[in-house]
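Hi everyone, thanks for coming.

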Amino acid sequence: MPEQTLAGAWGMAPAVLGVVVVGLFLGLVVAAVDRAVVAGAPRGAVEPFRSSARLLVEQRRTTLAPDRLLWRLGCAAVPVLALLSLAVVPIGGRTLWSTSADLVWFNAMEALLWAAVWLIGWGPNAVHALTGGYRFLAQGLAYELPLMFALITAGLAAGSLRTTDILATQQGLWFVVTMPVAFVVFVAGAAAFAFWGPFAAPAAPDIAGGVTSEVSGVDRLLVEAGRAVFLGATGAMAAALFLGGDAGPWLPGPVWHLLKTLAVIAALVWLGRRLPVLRPDRTVEVGWVVLVPLTLVQALVVAVLVLNGFYA
């Protein structure tokens, strides 16, 4: 219903602006935490601002016979899709708009992100970028199904695909208690789509940076900012779907949601910098052989709990 959304309460333009501001804030948090972890001190947190200013004035790299249109389209699509994925994440208990299938929307943005990153690898007509693109395709295929099953499991428990309904169902018990596998797989799957941490093989040093090897200047800023915003959106969505969102004592609800989001982001960034990059065939094998069966078993357990009225 319109009155339950940010667009209905504030009007479309202010609501969109609010979501963009939240997305950029979360992206800055991801970048600042990442720099702080790498530098080993809080002063590393100012580095994202210096890097952004440097990339804004850096000249774009060019290659021999690139498909420039698709290349630029892929770079621009990454931050746009990351912000669109945030549109169905509850902010202050409301989403930007409600689709009655919010989880499908979030998953669709990830699928389109997959295509955008592939275009970044295809567009330059360069061997290292193309190799990174193929690695990302294989990785995305392996993690699409587990991530989708993890999302659907939360919807199954709530009996709805609307994120605000899922939030309301967790007022008594956070979903992470009964679906820890879905929580871990959701965060890991999102990291794979952002080729982050152990899933960074598509942009690994052994292929000279792979899918991002020929990206520079404003294009690199768009891609890096989009990855950071997407990881921030993942933290906010994980807090909403599995950690009770705004549920908590004493503090206002939005503060609780923000604290949980920051905790997920900190864990995601810290683990991503501590774990080694896995070989692409290993990550693909884990996705198909381990995560798909685990998420199916998790969904089965939740289905049994639903039939017994556990979440009622």
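Let me start with a term we'll need: helices here are DSSP runs of H or I with at least four residues, numbered from the N terminus. And please keep in mind that this is a predicted model.

With that term in hand, which helix gives the largest share of the lining of the second largest pocket? That is helix 9, with 6 residues. The second largest pocket holds about 380 Å³ of space. It is lined by 20 residues, and the closest to its centre are Val184, Val187, Ala188, Phe199 and Leu275. Helix 9 (180-193), helix 11 and helix 12 (280-307) are the elements giving two or more residues to that lining. By class, the lining has 18 nonpolar and 2 polar residues, with no charged ones.

Now to the largest pocket. Its volume is about 1100 Å³. Of the 41 residues lining this pocket, Ala31, Asp34, Glu224, Ala225 and Ala228 are the closest to its centre. Several helices each supply at least two lining residues, among them helix 2 (12-39), helix 10 and helix 11 (253-274). Helix 10 gives the most, with 10 residues. This lining divides into 24 nonpolar, 10 polar and 7 charged residues.

Next, helix packing. Two packed helices are described by the angle between their axes and the distance between the axes.

Take helix 2 and helix 11. Their axes are 9 Å apart, and the helices pack at an angle of about 40°. Because of that angle, helix 2 counts as oblique to helix 11. The crossing is right-handed. On the helix 2 side, the contact includes Phe25, Val29 and Asp34, and on the helix 11 side it includes Leu258, Ile265 and Trp270. By class, this contact has 13 nonpolar, 1 polar and 4 charged residues.

My last pair is helix 5 (residues 102-122) and helix 10 (residues 217-242). Their axes come within 13 Å and cross at roughly 160°. Leu103, Phe106, Glu110, Leu113 and Ile120 in helix 5 meet Val223, Phe230, Met237 and Leu241 in helix 10. Those residues divide into 8 nonpolar, no polar and 1 charged.

Definitions and conventions: Residues are numbered from 1 along each chain as its sequence is written. This is a predicted model: local features need pLDDT of at least 70, side-chain atom pairs count only at pLDDT 80 or more; totals for chains, interfaces and linings use all residues. Side-chain values use heavy atoms; hydrogens and water are left out. Axes are lines fitted to C-alpha atoms, for helices over the stretch in contact, and angles run from 0 to 180 degrees between N-to-C directions. Contact means heavy atoms within 4.5 Å. Ala, Val, Leu, Ile, Met, Phe, Trp, Tyr, Cys and Pro count as nonpolar, Asp, Glu, Lys and Arg as charged, and the others, Gly among them, as polar. On a 1 Å grid over the protein atoms alone, a cavity is a set of points where a 1.4 Å probe fits but cannot get out, and a pocket is an open set with protein on both sides within 12 Å along at least five of seven lines; lining residues have an atom within 4 Å of a point. Grid points are joined across faces, edges and corners, and a volume is the space filled by probe spheres set on the points. Angles under 35 degrees count as roughly parallel, over 145 as roughly antiparallel, 65 to 115 as roughly perpendicular and the rest as oblique. A crossing is left-handed if the near helix is turned anticlockwise from the far one by less than a right angle, and right-handed if clockwise.
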